[in-house]
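Reader: I would like to learn how to read a protein model feature by feature, with the cut-offs stated along the way. Could you take me through this one?

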Amino acid sequence: MTPLKVVTFWVRPKGEEPLPEARALLEGLLGIFYEAFPEYAGTLVFSQSLRPPRYVFVYVNQGCAGLLPSAGRFLKGLLQQAFPQGEVRPYGRVWPEEP
């Protein structure tokens, strides 16, 4: 996988069933992320579409240029665990390989 400086994660259902209401789940997930990466505290925002398929978006606010690859991988893993019925897609800029 090409390392990215992630600015947005998009979660969409793999099948025909819409994603469940996720506000409480996402709030808890971001709490776990901030414990592991306190330097990003308060920089992430999430939203979920109201109508099916109820896509979920997690993105950085305007004060942050993106998550470095290690933080992005960690958050992607959390989202994959939280939404096993969903596909998690990161979007951002290609980042040079880490040593």
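**The loop between S2 and S3**

Author: Arg-54 lies in the loop between S2 and S3, where helices (H or I, at least four residues) and strands (E, at least two) are DSSP runs numbered from the N terminus. This is a predicted model, in which local features need pLDDT of at least 70 and side-chain atom pairs count only at pLDDT 80 or more, while totals for chains, interfaces and linings use all residues. Residues are numbered from 1 along each chain as its sequence is written, and side-chain values use heavy atoms, with hydrogens and water left out.

Reader: Does Arg-54 count as buried or exposed?

Author: Buried means under 20% relative accessible area, exposed over 50%, and partly exposed in between, with a 1.4 Å probe and protein chains only. Arg-54 counts as buried because its relative accessibility is 15%. Of the 99 residues of the protein chain, 38% count as buried.

Reader: In what order do the strands form the sheet?

Author: Two strands pair if DSSP finds at least two bridges between them. Here four strands form an open sheet in the order S2-S3-S1-S4, and the pairing is antiparallel. The edge strands, each pairing on one side only, are S2 and strand S4 (86-94), and the twist averages 20 degrees from one strand to the next. S1 and S4 pair in the antiparallel sense over nine bridges, and Val-11 stands opposite Val-88 in S4.

Reader: Which strands does H1 touch, and which does H2 touch?

Author: Contact means heavy atoms within 4.5 Å, and axes are lines fitted to C-alpha atoms, for helices over the stretch in contact, with angles that run from 0 to 180 degrees between N-to-C directions. H1 packs on the sheet by touching S2 and S3, and its direction makes about 160 degrees with that of S2. H2 also packs on the sheet, touching S1, S2, S3 and S4, and its direction makes about 10 degrees with that of S1.

Reader: Which residues touch the most other members of the largest nonpolar core?

Author: A nonpolar core is a set of buried Ala, Val, Leu, Ile, Met, Phe, Trp, Tyr and Cys residues joined through side-chain atoms within 4.5 Å. The largest one has 26 residues, of which Phe-33, Leu-44, Val-58, Leu-67, Leu-75 and Leu-79 touch the most other members. Strand S1 (4-13), helix H1 (23-36), strand S2 (44-48), strand S3 (56-60) and helix H2 (69-82) each supply at least two residues of this core, and the largest share, five residues, comes from H1. Leaving aside its neighbours within four places in sequence, Leu-75 is in contact with Phe-9, Leu-29, Phe-33, Leu-44, Val-58 and Leu-67.

Reader: How many aromatic pairs does the structure hold?

Author: Rings of Phe, Tyr and Trp (its six-membered ring) pair if their centres lie within 6.5 Å, and planes under 30 degrees apart count as stacked, over 60 as edge-to-face and the rest as tilted. The structure holds eight aromatic pairs. Phe-37 and Tyr-40 form a tilted one, at 6.4 Å centre to centre and 55 degrees between the planes.
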